[in-house]
Amino acid sequence: MTPPPIVQISSLAALGNLPALARQLNGLGGCAQPIRLDGHRTTHHLDTTTGEIGGVLHHLNSRDLPAGHLMVRCNNRRTTRCPACAETYRRDTYHLISSGLRGGKGVPEEVADHPRVFATFTAPSFGPVHNRPGERPCRCGVRHDQDDALLGSPIDPTTYDYEAAVLWNAHAGPLWRRFTIHLRREIAKRAGLTQREFRDHARVSFAKVAEYQKRGAVHFHAVIRLDGPSGGSTPPPAWATAELLADAIQTAATGARAAGPVVDGRPHTFAFGRQLDVRTIRSRHFEGGQNLTDRAVAAYIAKYATKGAEAATGTLDRPLRFIAELAGLDLTDHARRLIRTAWWLGARKDLADLRLRAWAHMLGFRGHFSTKSRQYSTTLGALREARADWRRDQAAPPAAPQGSTLVLAHWAYAGVGLPPGAEWLAASLTPGSTKGAAA
Ligand SMILES: [Zn+2]
Ligand SMILES: [Zn+2]
């Protein structure tokens with residue numbers, strides 16, 4: 001760690017109470033880009049019988065806080081933007097995936113006995129790429145090291161289908177939705193049920209994350225679970241096995257299609273690539289075999305949740321405002337061409353709904369990074385809320401007498417980042433507010 005900037009620290013100390021400032025910064029859990037807010041919050045007593053607003057129980061004004069602002073975490077999920085918030089996001093994602101596999105956080109433990117698989121869905125080929133590191137030579141005839149910058153880039157960039165590669169990313173979300181519709185149909189068919197009957201017998205729930213392959217194509221990792229008719233709290237029917245689920249996933253993934261646009265007379269249709277990996281997740285009563293453990297799956301998914309296109313493909317972790325910005329950036333030729341293609345397609349009126357310029361840094365993908373069906377488990381929002389409650393308890397205003405309270409608050413955005421001089425202080429603190437995370 002760099003030595004403390006004495007001048008800045010002493011000017012901070014002159015402002016007031018250094019230990020109090022340390023406490024306030026500590027509550028940010030190490031966030032590198034906290035959001036500063038100006039304003040106030042007043043908690044009043046509320047008489048529930050008369051509806052009258054009573055006396056002030058607690059008053060907070062940002063001016064009175066040690067930093068002079070209320071500071072909240074940026075909650076950015078990307079490691080490259082905020083390591084501390086990305087770590088919180090990773091832990092939350094772990095708990096979200098894990099509770100859907102093992103129970104907990106309001107999900108019954110019985111889900112651990114339901115058929116569950118872990119599946120990876122890839123993009124099709126857009127042209128041959130350097131893709132084989134290790135001892136055997138790549139198809140280009142050369143041996144590549146694991147960290148060779150050529151890996152994932154096209155063998156012949158002039159014939160690589162950049163247009164389809166970007167449009168595929170832009171349609172990956174709709175293609176996933178088509179897949180889930182196909183999947184319900186395929187499961188029902190295997191159980192000898194009509195789709196209408198299926199709803200009374202079983203329910204499919206899932207959680208998925210998007211990851212970028214080196215070549216810049218999005219692929220999905222998903223946990224898919226088969227429950228009884230009311231979700232995780234009801235046992236699945238006798239016919240519902242992990243084998244049946246895996247078989248239905250294979251057929252549904254192969255058959256799913258998303259209609260794309262016609263670009264200069266060329267119609268696009270999108271499907272998943274042939275490389276589909278479906279594995280059964282070990283139940284709590286079955287040890288051994290080649291099956292995955294639920295912990296391994298949750299950890300794997302959580303790890304990918306904090307990465308964007310910048311991690312695998314070497315592109316950008318924030319949107320471009322002008323294409324000219326590209327010139328000054330250290331990017332691979334392949335990433336540059338993908339971004340340029342998205343930018344160029346983004347100028348077309350007929351593709352306006354894909355918002356390709358706004359998502360050029362994501363190589364066209366504008367879907368949510370991690371999504372799940374309602375029945376799968378808890379939500380990131382619920383986990384955040386629980387953490388905020390815990391923090392609130394740490395600095396609890398006096399409990400209201402009877403009746404209820406009314407909170408009146410007004411906050412205005414004051415900026416991003418720590419106040420001057422506080423960076424060193426913040427970096428010297430150990431994040432203190434995330435406790436009990438298992439990942
Ligand atoms: Zn942050
Ligand atoms: Zn090669």
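Arg190 and Glu186 sit four residues apart in helix 4 (residues 162–191), about one turn of the helix. Helices here are DSSP runs of H or I with at least four residues, strands are runs of E with at least two, and both are numbered from the N terminus. The model is predicted, so local features need pLDDT of at least 70 and side-chain atom pairs count only at pLDDT 80 or more, while totals for chains, interfaces and linings use all residues. Residues are numbered from 1 along each chain as its sequence is written, chains are lettered from A and ligands numbered from 1 in the order in which they are written, and side-chain values use heavy atoms, with hydrogens and water left out.

The side chains of Arg190 and Glu186 form a salt bridge, at 2.8 Å from N to O. A salt bridge is a side-chain nitrogen of Lys or Arg within 4 Å of a carboxyl oxygen of Asp or Glu. Glu186 counts as buried because its relative accessibility is 9%, whereas Arg190, at 29%, counts as partly exposed. Buried means under 20% relative accessible area, exposed over 50%, and partly exposed in between, computed with a 1.4 Å probe on protein chains only. Both residues belong to a salt-bridge network that links Glu186, Lys189, Arg190 and Asp247.

By the salt-bridge rule the count comes to 12. Another of these pairs is Glu87 with Arg91, whose closest N and O atoms are 3.1 Å apart. Glu87 and Arg91 are separated by about one helical turn because they are four residues apart in helix 3. Glu87 is partly exposed at 28% relative accessibility, and Arg91 is partly exposed at 21%. Asp350 pairs with Arg348 in a salt bridge at 3.2 Å between the closest N and O atoms; Asp350 is partly exposed, with a relative accessible area of 46%.

Helix 3 also packs against helix 7 (residues 294–305), at an angle of about 145° and with the axes 8 Å apart. Axes are lines fitted to C-alpha atoms, for helices over the stretch in contact, and angles run from 0 to 180 degrees between N-to-C directions. The contact, meaning heavy atoms within 4.5 Å, involves residues of helix 3 including Tyr89, Thr93, Ile97 and Leu101, and residues of helix 7 including Val297, Ala298, Ile301 and Ala305.

Donors are N, O and S atoms within 2.8 Å of the metal (3.2 Å for Na, K and Ca); water is not among the atoms, so sites may look incomplete. Cys74 lies in the loop between strand 3 (70–72) and helix 3 (83–102), and Cys85 lies in helix 3, 11 residues apart. Cys85 is buried at 2% relative accessibility.

The zinc ion (ligand 2) is coordinated by His130 (ND1), Cys138 (SG), Cys140 (SG) and His144 (NE2), at 2.1 to 2.4 Å. These donor residues are spaced H-x7-C-x1-C-x3-H in sequence. The four donor atoms subtend angles of 100 to 127°, which makes this arrangement tetrahedral. Cys138 is buried at 4% relative accessibility, but Cys140 is partly exposed at 30%.

How values were computed
Four donors count as tetrahedral if all angles lie between 85 and 135 degrees; four count as square planar and six as octahedral if opposite donors are over 155 degrees apart and all others between 65 and 115; anything else is irregular.
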